[in-house]
Amino acid sequence: MSTEIRHEAAEHRYALYLDGELSGVADYIATDGKVYMTHTEVFPAKRQNGLGGMLVQAALDDIRLTGAGTVVPQCSFVGHYIRTHPDYEELLAS
């Protein structure tokens, strides 16, 4: 199974593809130097093997790499991910 995560800026999301099929999304709103992570979902039929964590990690890594802004985790999954992976805490908006 091939896994790909794409930043789809026009749709304001990071998208998870499994074998070319859209299988999950991490939606966001970027404004005023902040990236509000609003919703994360791996579609029910595709939930397996930590795919949600892989999706959030890729999104946070991209935000860090591009300097897109600080993160406001409005999605509880993103908030939990950051709390359990302290190397991402510096991305949090104060």
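Predicted model: local features only at pLDDT ≥ 70, side-chain atom pairs only at ≥ 80, totals over all residues.
The expected span of a helix is 1.5 Å times one less than its number of residues.

**Helix 1.** Select residues 51-66, which form helix 1. This helix has 16 residues, and the distance from its first C-alpha to its last is 22 Å, close to the 22 Å expected at 1.5 Å a residue. Next, colour its buried residues: Leu51, Gly52, Gly53, Leu55, Val56, Ala59, Leu60 and Ile63. The elements that cover them include strands 1, 2, 3 (21-31), 4 and 5, together with helix 2 (76-84). Beyond the end of helix 1, select Gly67, which follows the helix and has a positive phi, near 65°.

Five of them make an open sheet in the order 1-2-3-4-5, with mixed pairing. Strand 1 (3-8) and strand 5 (70-73) are the edge strands, each pairing on one side only. From one strand to the next, the twist averages 25°. Select strand 4 (residues 34-42) beside strand 5: the two pair in the parallel sense over four bridges. Within this region, Lys34 has Thr70 of strand 5 as its bridge partner.

**Arg13.** Finally, move to strand 2 (residues 13-18) and select Arg13, which lies in it. Is Arg13 buried or exposed? Its relative accessibility is 19%, so Arg13 counts as buried, the cut-off being under 20%. Show its side chain together with that of Glu8: a polar contact of 2.6 Å joins the two. Residues up to four places away in sequence aside, Arg13 touches Arg6, His7, Glu8, Leu22, Val25, Ala26, Asp27 and Tyr28.

Methods. Residues numbered from 1 in each chain as written. Heavy atoms only, no water. Buried < 20%, exposed > 50% of the residue type's maximum accessible area, 1.4 Å probe, protein only. Polar contact = N/O pair within 3.5 Å; in protein donor to acceptor, adjacent residues only side chain to side chain. Contact = heavy atoms within 4.5 Å. Pairing = 2+ DSSP bridges. Axes fitted to C-alpha atoms, helices over the stretch in contact; angles between N-to-C directions.
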